[in-house]
Amino acid sequence: MGYGFGYGYYMDWTYILVLIGAVLCMAASAKVNSTYGKYSRVRSMSGMTGAEAAQRILNRNGIYDVRVEHVRGNLTDHYDPSAKVLRLSDAVYGSNSVAAIGVAAHECGHAVQHQKGYAPLRIRSTLVPVANIGSRLGLPIIIIGVLLGGAGSFLAQIGIWVFSAAVLFQVVTLPVEFNASDRAMRMLSEYGILGQQEVGHVRKVLGAAALTYVAAAASSILQLLRLVMLFGGRGGRDRD
């Protein structure tokens, strides 16, 4: 039975892999939202805001060329190494909650990684343009290859390799994020920004956030596995 478009697709058991990935991502998202929501209501004893904590961490690490800026959105926090800007979201920048300070410290962890030349971060930064191409063009290339039939088998193979770049990016992201969280908790404790119990709360927040990266990587791997099973062997041609 063919694995192309049409009747064969609706009988395709490999959709289970996609479903598993989707469930993992939804569960991880629900976990991080509930955990962040819980500890966003716990005010830090220091009374520091996320922005103030971020600035203190950067200064303690001798990082004076990174700006701390406010960015719109919910949990849109990120560190931009090319612009050397640490952007904190509405829920983090001006909030003095334990959760907000934890997220701000995590992003500072990325700035420290950048300062120290942390290898996995350099690798991830190098993969960004390739991963963007893979996530946008991988599946379309495979689809075109399938539509072309036997003549497009090689194109389908190329599409799989292109998509693999996006998967590799997700996998490389894991050690980068875990390391940033470890740095954050250590710095919050060593610099006296949070007490030990508060650091424990942050560990739960960042642990829940880490699950979203694990789920995203697992979902991408499952999607890649499905594509290889369907189109990797003979380019998506009909199989017995």
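**View 1. The whole chain.** This is a predicted model, in which local features need pLDDT of at least 70, side-chain atom pairs count only at pLDDT 80 or more, and totals for chains, interfaces and linings use all residues. Residues are numbered from 1 along each chain as its sequence is written, and side-chain values use heavy atoms, with hydrogens and water left out. The chain holds eight helices and three strands. These are DSSP runs, numbered from the N terminus (helices: H or I, at least four residues; strands: E, at least two). Along the sequence they follow the pattern α-α-α-β-β-β-α-α-α-α-α. The C-alpha atoms fill a box of roughly 65 × 35 × 25 Å along the principal axes. Of the 240 residues, 48% count as buried (under 20% relative accessible area, 1.4 Å probe, protein chains only).

**View 2. The three-stranded sheet.** The sheet is open, its order is β1-β3-β2, and its pairing is mixed. β1 (67–70) and β2 (78–80) are the edge strands, each with a single partner, so one side of each has no neighbour in the sheet. Neighbouring strands are turned by 25 degrees against each other on average, direction ignored. Strands pair here if DSSP finds at least two bridges between them.

**View 3. β2 beside β3.** Three bridges join β2 to β3 (residues 85–88), and the two run antiparallel. H78 has R87 in β3 as its bridge partner.

**View 4. Helix α5 over the strands.** α5 (residues 98–116) lies across β2 and β3. Its angle to β2 is about 25 degrees. Axes are lines fitted to C-alpha atoms, for helices over the stretch in contact, and angles run from 0 to 180 degrees between N-to-C directions.

**View 5. Where α5 meets α7.** α5 and α7 (residues 153–190) pack at about 110 degrees, with axes 7 Å apart. The two helices are therefore roughly perpendicular (65 to 115 degrees). On α5, the contact residues include I101, A105, G109 and V112. On α7, A180, A184, M187 and L188 are among them. Contact means heavy atoms within 4.5 Å. The residues of this contact divide into eight nonpolar, seven polar and three charged. Here Ala, Val, Leu, Ile, Met, Phe, Trp, Tyr, Cys and Pro count as nonpolar, Asp, Glu, Lys and Arg as charged, and the others, Gly among them, as polar.

Note on methods:
Angles under 35 degrees count as roughly parallel, over 145 as roughly antiparallel, 65 to 115 as roughly perpendicular and the rest as oblique. Buried means under 20% relative accessible area, exposed over 50%, partly exposed in between (1.4 Å probe, protein chains only).
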